[in-house]
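Here is a walk through one protein model, helix by helix. Keep the structure open as you read.

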Amino acid sequence: MTDLAGKVAVVTGASRGIGKGIAVALGAAGATVYVTGRTVTPGSHPLPGTITHTASEVARRGGVGVAVQVDHASDTQVASLFDRVRDERGRLDILVNNAFALPEDLTDAKPFWNRPLTDWAMVEVGVRSSFVAAHHAARIMVSQQSGLIVATSGHVGVTYTYGVVFGLCKAAVDRMARDMAIELQPHNVASLSLWQGLTFTERAQRNLADNPEMTRSTVTNPAVGCSPEFPGRVIAALAADPAIIKRSGGTFITAELADEYGITDVDGRRIPSLRAERGAPIWKPIAENQYEQ
């Protein structure tokens, strides 16, 4: 198991879903994990999960879990979060930008002109909030000359999935991670984006149960799905990699990195890459791009 003892992480949007899985996986590797999200009261959200429960799972698995209620649409609350991390721990080693405002009807087949303009909240909490969190995290990481910022994304960055705004958001965070890497490189801080496939989150399991036809799609075929902890296992390996800066600026398919690091899912399965079926990332590490030298 990867050893992240003494490392400090912030995982945004971790009340449930992929964020929760990543937080728990980092905790299992021994990290101190600040778990952020809006849900603190069980039953107050249509799906199960709270930041307190996630933090307790982090602790149960061997790490230190710290639940912090944060609305990532509020710059003030985000700034306070990173002030607290600096005051309490004196460092920050990993930021996982995962917070996202998914509309309940995201998977409904409607063209953008028949969807509500409130869909733009996906940009506010998904793109802008990722920039704000990275802004504050980078100030800590640059001063210590180390750190890793990870954006959670997907093949939707190059392949139509669910709608216009959703695709816009994922393409944007890929590019943002890459350009942040250029400015962070002199300070030995890495920034990259991970493409995650179907993940058996609470929302995904509900949607598959309610819409059995989704199982026939390449995007949502359960045969290629993984647990929410799978990307966290990969992020733990990245954070422990002494050569991580060589990957900075790249967009990576989580399943392919897992193969490189010898990582399987929690049930021992090897998760397949969907590169051939859904497309390849655009951005390579800046160390491999002659135009960024």
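**Helix pairs and buried loops**

H1 and H2 run roughly parallel to each other, because their crossing angle falls under the 35 degrees that sets this class. This is a predicted model. The axes of H1 and helix H2 (residues 51-60) cross at roughly 25° and come within 8 Å. The crossing of this pair, H1 and H2, is right-handed.

Which residues of H1 and H2 meet? On the H1 side they are Lys 20, Ala 23, Val 24 and Gly 27. On the H2 side they are His 53, Thr 54, Glu 57 and Val 58. By class, this contact of H1 with H2 has 3 nonpolar, 3 polar and 2 charged residues.

Ala 14 sits in the loop between strand S1 (8-11) and H1. Is Ala 14 buried or exposed? Ala 14 has a relative accessible area of 0%, so it is buried. Leaving aside residues up to four places away in sequence, Ala 14 touches Gly 19, Lys 20, Ala 23, Val 35, Thr 36 and Thr 54. Two of these partners, Lys 20 and Ala 23, also belong to the H1 side of the contact with H2. Thr 54 belongs to the H2 side. His 53 lies 39 residues from Ala 14 along the chain, and their C-alpha atoms are separated by 9.9 Å.

H1 has another helix partner. Helix H1 (residues 17-28) packs with helix H7 (residues 229-240) at an angle of about 45°, and their axes are 7 Å apart. That angle makes H1 oblique to H7. The crossing of H1 and H7 is right-handed. H1 brings Ile 18, Gly 21, Ile 22, Val 24, Ala 25 and Leu 26 to the contact. H7 brings Glu 229, Pro 231, Gly 232, Arg 233, Ile 235 and Ala 236. These residues of H1 and H7 divide into 8 nonpolar, 2 polar and 2 charged. Val 24 of H1 takes part here, and Val 24 also meets H2.

Follow the chain past H7. Ser 248 lies in the loop between H7 and strand S7 (251-253). Ser 248 is buried, because its relative accessible area is 0%. Setting aside residues up to four places away in sequence, Ser 248 touches Ala 181, Val 189, Ala 190, Ser 191, Pro 285 and Ile 286.

Next, turn to H4 and H5. The axes of helix H4 (residues 121-144) and helix H5 (residues 164-184) cross at roughly 15° and come within 9 Å. That angle makes H4 roughly parallel to H5. The crossing of H4 and H5 is right-handed. What does each helix bring to the contact? From H4 come Met 122, Val 123, Gly 126, Val 127, Ser 130, Phe 131, Ala 134, Ala 138 and Val 142. They meet Val 165, Phe 166, Leu 168, Cys 169, Ala 172, Val 173, Met 176, Met 180 and Leu 184 in H5. By class, the contact of H4 with H5 has 16 nonpolar, 2 polar and no charged residues.

Gln 145 lies in the loop between H4 and strand S5 (147-153). Gln 145 is not a glycine, yet its phi is positive, near 60°. Gln 145 has a relative accessible area of 37%, so it counts as partly exposed. Tyr 162 is in the loop between S5 and H5. Tyr 162 is not a glycine either, and has a positive phi of about 70°. At 27% relative accessibility, Tyr 162 is partly exposed.

Finally, step back to the whole protein. How many helices and strands does the secondary structure hold? There are 9 helices and 7 strands. The C-alpha atoms fill a box of roughly 50 × 50 × 40 Å along the principal axes. A compact globule of 293 residues would have a radius of gyration near 19 Å, and the protein, with 18 Å, agrees. Buried residues make up 52% of the 293 residues. Among contacts with a separation of 6 or more, 74% join residues 24 or more positions apart.

Technical notes. Residues numbered from 1 in each chain as written. Predicted model: local features only at pLDDT ≥ 70, side-chain atom pairs only at ≥ 80, totals over all residues. Heavy atoms only, no water. Axes fitted to C-alpha atoms, helices over the stretch in contact; angles between N-to-C directions. Helix = DSSP H or I, 4+ residues; strand = E, 2+ residues; numbered from the N terminus. Parallel < 35°, antiparallel > 145°, perpendicular 65-115°, else oblique. Left-handed = near helix turned anticlockwise from the far one by under 90°. Contact = heavy atoms within 4.5 Å. Nonpolar A, V, L, I, M, F, W, Y, C, P; charged D, E, K, R; others polar. Rg over C-alpha atoms; globule rule 2.2 N^0.38 Å. Buried < 20%, exposed > 50% of the residue type's maximum accessible area, 1.4 Å probe, protein only.
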